[in-house]
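Hi everyone, thanks for coming.

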Amino acid sequence: MANRKYIVGNWKMNGLQQQLSDIAAIAAVAAKHDNVDAGICPPATLIASANAANPGFAIGAQDCHFNENGAHTGNLSAAMIKEAGATYSILGHSERRADHGESDEDVKAKAEAAHAAGLGAIICVGETEEERDAGQAVAVVTGQLSGSFPEGADASWLTIAYEPVWAIGTGRVPEASDVEEMHAAIRNKLGALMGEGSDAVRILYGGSMNGGNASELLAVPNVDGGLVGGASLNAEKFGPIIEAASAF
């Protein structure tokens, strides 16, 4: 049985209070397609207000710290983002790994902290263009997955997002056969790491998904949804992706 599709919008460093109306419009589209799980991860400054304004719509965070509290200026713990209204968090996004030097060990610790606080975790893995051109894509991605994999992982709270780094925000999308190969490799690695229950862990595709290519990408085996960047900033762009997911 196929997994229920999961479409998550990552707003990155975009969004002020005036954009709350865009989240409301997206939530309204999602409400019309109740066979799809959909949500938005706005900047942390909007989590509380977005959650309060859209009860029942899944608001998430873009990161959390692996410690519960302490001398970590500028960081937010899992308990803090949960208190603000988030129900899950993106972890280990390629931009965090590159810009903030996050290691697989950091991502693993963050996922475990998120789970301990009662949050879902979306762990991101992906290769650079250089790694793909060198024929190392599958080895790099499955290696990241192994290193980032949290203790006690379960499909009820863990999601994996594959994001070819070279396709994020560039408009470039891998061939469907490349996506299929990578998602199959991730599925196989999940089986080795988890054993029973691994088939229920959803694997999202995250690399320039939009309304024009969503149907094709979502039809690829083991693509259980999408982690969407720029096309998630308003309902006009994000709505068609949710609608495409509802057809599966």
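This is a predicted model: local features need pLDDT of at least 70, side-chain atom pairs count only at pLDDT 80 or more; totals for chains, interfaces and linings use all residues.

Let me start with a question: with which residue does Asp37 form a salt bridge? Its partner is Arg4, and the closest N and O atoms of the two are 2.8 Å apart. By salt bridge I mean a side-chain nitrogen of Lys or Arg within 4 Å of a carboxyl oxygen of Asp or Glu. Asp37 sits in strand E2, residues 37–41, while Arg4 is in the segment before strand E1, residues 6–10, so the pair ties together parts that are 33 residues apart in sequence.

Residues are numbered from 1 along each chain as its sequence is written, and side-chain values use heavy atoms, with hydrogens and water left out.

Back to our pair. Are they buried or exposed? Asp37 is partly exposed, at 25% relative accessibility, and Arg4 is partly exposed too, with 37%. The cut-offs are these: buried is under 20% relative accessible area, exposed is over 50%, and partly exposed is in between, using a 1.4 Å probe and protein chains only.

How many salt bridges does the structure hold? There are 12. Another one joins Lys108 and Glu112, with the closest N and O atoms 2.8 Å apart. Here both residues lie in helix H5, residues 104–116, and they are 4 residues apart, about one turn of the helix. Lys108 is partly exposed, with a relative accessible area of 25%, and Glu112 is partly exposed with 25% as well.

Now look at Arg187 and Asp224, whose side chains meet in a salt bridge at 2.9 Å, N to O. Arg187 is in helix H8, residues 176–194, and Asp224 is in the loop between helix H9 (214–218) and strand E8 (225–228), so this pair ties together parts that are 37 residues apart in sequence. Both Arg187 and Asp224 are buried. There's also a network of salt bridges, which links Asp63, Arg96, Glu102 and Lys110.

On to the rings. The structure holds 2 aromatic pairs. One of them is Tyr6 with Tyr88, an edge-to-face pair at 6.4 Å centre to centre, with 65° between the planes. Tyr6 is in strand E1 and Tyr88 in strand E4, residues 88–91, so the pair ties together parts that are 82 residues apart in sequence. For the rules: rings of Phe, Tyr and Trp (its six-membered ring) pair if their centres lie within 6.5 Å, and planes under 30 degrees apart count as stacked, over 60 as edge-to-face, and the rest as tilted. Tyr6 is buried at 10% relative accessible area, and Tyr88 is buried at 4%.

Next, helix H10, residues 235–246. What do its buried residues pack against? They pack against E1, helix H1 (20–31), E2, H9 and E8. Among those buried residues are Phe238, Ile241 and Ile242. At the N-terminal end, Asn234 caps the helix, with a side-chain oxygen 3.2 Å from the backbone nitrogen of Glu236.

Then there's Arg97, in helix H4, residues 94–99. Arg97 is buried, with a relative accessible area of 14%. A polar atom of its side chain lies 2.8 Å from the backbone oxygen of Gly92. If we leave aside neighbours within four places in sequence, the residues in contact with Arg97 (heavy atoms within 4.5 Å) include Glu102, Asp104, Cys124 and Gln144.

Last stop, two backbone angles. Lys12 isn't a glycine, yet it has a positive phi of about 55°. Lys12 is in the loop between E1 and H1, and counts as partly exposed at 21% relative accessibility. Asn222 also has a positive phi, near 70°, in a residue other than glycine. You'll find Asn222 in the loop between H9 and E8, partly exposed with a relative accessible area of 25%.

Notes:
A polar contact is a pair of N or O atoms within 3.5 Å; within protein, one must be able to donate a hydrogen and the other to accept it, and residues adjacent in sequence count only if both atoms are side-chain atoms.
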